[in-house]
Structure formats: structure tokens, C-alpha cells
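Q: I would like to go through this model with you, one topic at a time. Could we begin with strand pairing?

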Amino acid sequence: MKHIYKITFVLGFLLCMTSCDENIDPILSNGVESENRTFLSFANTTVSLPITIDDTGSVDLTLNSSTVSTTDRTFNINLEMESNADPATYTLPGSVTIPANSYQGVLTINGEDNGLVDATVKQIVFSLTGLPDNVDMDLNRIVVNVFEVCPVPDTYLVGDYALADDGSGNFLSGNVTVSVGATPTERVFSTTFLPGTGVDTVLNVTVNLACNLFNLSQDVDISVSCTAGNPPFYILTSAGNANNGTYSLTSDVTHTINYLQDPFESCGPMSVQSFTLTKL
């Protein structure tokens, strides 16, 4: 039985997101714009870069700022050593710029198959470096998952399905509505994670259709553990090519999605688990 504890994070600052009014004047400290404290945050710290087989792909990442400036603000990008995506398959700019009088800047990462990308997820990991003294940033580690995809009809694996957990207790069995995600090969549905454990959390599960393989492309992670709320955390992640479930575009009746449970062994040995989606 899993005895799972949840950590609740209190955010001290709310960053201005896409709903911000771009016409708001900057808040000045002693009338000097450069003395403002600025808080930066990417809209998402884990994103997918699906690359179409024998073709290309791209992803835009939005950098949010709590303040505006009358001049462009440029921040340097540092590629982390843990990155394992082939440099020949992507272009990562050396910096990202928030234009003058704006709360947001956009970083575009381009990918190219070059015969070097497959369904195995590889990662680009980067951070912003050399931030000025008046700039703060939490979660300064961005992960971009790179993998190959094949074209999929926008009606495939879309609609109402019956979700059945395999008995692991990770997901609540019941009916879910699956929709197309942020990319044409992503499928997203909402369900309850860890039902009946006391940390029941409704969240989105994102599955990628990667050239006949189902891939849990975004970790299911709500910072829970079996160690009184301390790391290592209990998460669900991709099962890897050797263990991922398969699909065929000739059938949209029942799908089995495999994933790796507890890779950090917070609550016990890691294991491959699954759930099924059956068309209603």
C-alpha cells in the first residue's frame, strides 16, 4: 500500500501571464526603472518537440516577466550537460529577448529529423544564465522532449473513452474525454491521479502518438512521495521504446498505454504499468 504525502508550494509572486494588459506602465522604484526587481518564468518548464518523420518540427516557449522595460531585454541561454538530444537534430538559439514595453518574449526551437530521430525521447535541457542582480527566476531548468512522430488523423483517438486502470491504483477508472493536445500527435484527457490515497488530484494526462508507439511524453508529477513528502518523488514517466504500447491507425477501439511507475523508487521498486482506453 502506498502511503503518499503531498507538498504544497505557496507562490510568493504571481507573474503576469498572457492575460496581462500590455499597456500597463512599468512600476518604478524611486523613479528608476533599472531598480525594479523582475521575476522571470517560462510558461511551461517541460515541453514537447515532435519532429515529423523525414521532416521538421518546432516549438515556441513563452518567457514571462513581472515588469516591463523601455528597452529590449536579452537573456543568454545555457545548454546543460544532461542534454542527450543529437545537436544535429535541433537549433537552440543562444538567447531569448523580451521586446521593449512587453511582458513576454518567445523562444523558438527548431527540429529536423535528418534520419537521426526516432520514437525514443531525447532531451534538450537548458537554463538562462548571467541574469542581472535585479532579476530572479525560480525553476530555471527547461526540458524539451524531442522525438519522431508520424502524421495522425485529427479524429483518431479523440472523443469519449472508458479508462480502465490496470490495478496499480494510479488512475481513477471511468469515462474520459480525449482531445488533441498542443501538437497534432498529442492526446490529452483529464482524470484523477492516486484516487483514494488522500492526495487525490485531478490532472491532465498527455500521451503522444509516436510512429505506432504510445508515449507518456510528459511526466505525471505532483511532488508526492512515500517519504513524508521529501524527495525522491513518486512519478509516472515514459516506459521507453522497448515497453511502450503500440497502436494502428486501422483500429480505434481499444488502446493500451504503458508507462514506468516510480522510477526513483520512492514507494518501492519501479515497474511498468498500464491503462486502457476503450471507445464508447
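Q: Which residue in strand 4 is the bridge partner of Leu 40?
A: Ser 65 is the partner of Leu 40 in strand 4. Please bear in mind that the model is predicted.

Q: In which sense do strand 2 and strand 4 pair, and over how many bridges?
A: Strand 2 and strand 4, the latter covering residues 56-65, pair in the antiparallel sense over 3 bridges.

Q: And what about strand 2 and strand 10: parallel or antiparallel?
A: Strand 2 pairs with strand 10 (residues 135-137) in the parallel sense, over 3 bridges. Within strand 10, Asp 136 stands opposite Phe 39.

Q: Which of them point which way?
A: Thr 38, Leu 40 and Phe 42 point one way from strand 2, while Phe 39 and Ser 41 point the other way. Residues on both sides are buried. In a regular strand, side chains alternate between the two faces of the sheet.

Q: Moving on to aromatics: how many aromatic pairs are there in the whole structure?
A: A search of the whole structure finds 9 aromatic pairs. One of them involves Phe 42 and Phe 126: the ring centres are 5.9 Å apart and the planes stand at 90°, so this pair is edge-to-face.

Q: Where in the chain are those two?
A: Phe 42 is in strand 2 and Phe 126 is in strand 9 (residues 122-129). The pair links distant parts of the chain, 84 residues apart.

Q: Are they buried or exposed, Phe 42 and Phe 126?
A: Phe 42 is buried, with a relative accessible area of 4%. Phe 126 is buried as well, with a value of 0%.

Q: Why does the pair of Tyr 156 and Tyr 247 count as tilted?
A: The planes of the Tyr 156 and Tyr 247 rings are at 45°, with the centres 5.9 Å apart, so the pair is tilted. Tyr 156 lies in the loop between strand 11 and strand 12, and Tyr 247 in the loop between strand 18 and strand 19, so the pair ties together parts that are 91 residues apart in sequence. Both Tyr 156 and Tyr 247 are buried.

Q: Which residues do ring pairs link into a cluster?
A: Phe 171, Phe 189, Phe 193, Tyr 234, Tyr 259 and Phe 275 are linked into a cluster by ring pairs.

Q: Back to sheets: in what order do the 8 strands of the open sheet run?
A: The order is 16-15-14-13-12-20-19-18, with antiparallel pairing. Strand 16 (214-215) and strand 18 are the edge strands, each pairing on one side only.

Q: How do strand 15 and strand 16 pair?
A: Strand 15 and strand 16 pair in the antiparallel sense over 2 bridges. In strand 16, Phe 214 is the bridge partner of Leu 209.

Q: Where does Asn 208 lie, and why does it count as buried?
A: Asn 208 lies in strand 15, residues 201-209. Asn 208 counts as buried because its relative accessibility is 0%, and buried means under 20%.

Q: What polar contacts does the side chain of Asn 208 make?
A: The side chain of Asn 208 contacts that of Thr 185 at 3.4 Å and that of Ser 217 at 2.6 Å.

Q: Beyond its neighbours within four places in sequence, what is Asn 208 in contact with?
A: Its contacts there include Ser 48, Phe 147, Thr 183, Glu 186 and Leu 213.

Definitions and conventions:
Residues numbered from 1 in each chain as written. Predicted model: local features only at pLDDT ≥ 70, side-chain atom pairs only at ≥ 80, totals over all residues. Heavy atoms only, no water. Helix = DSSP H or I, 4+ residues; strand = E, 2+ residues; numbered from the N terminus. Buried < 20%, exposed > 50% of the residue type's maximum accessible area, 1.4 Å probe, protein only. Polar contact = N/O pair within 3.5 Å; in protein donor to acceptor, adjacent residues only side chain to side chain. Contact = heavy atoms within 4.5 Å. Pairing = 2+ DSSP bridges. Phe/Tyr/Trp six-rings, centres within 6.5 Å; stacked < 30°, edge-to-face > 60°.
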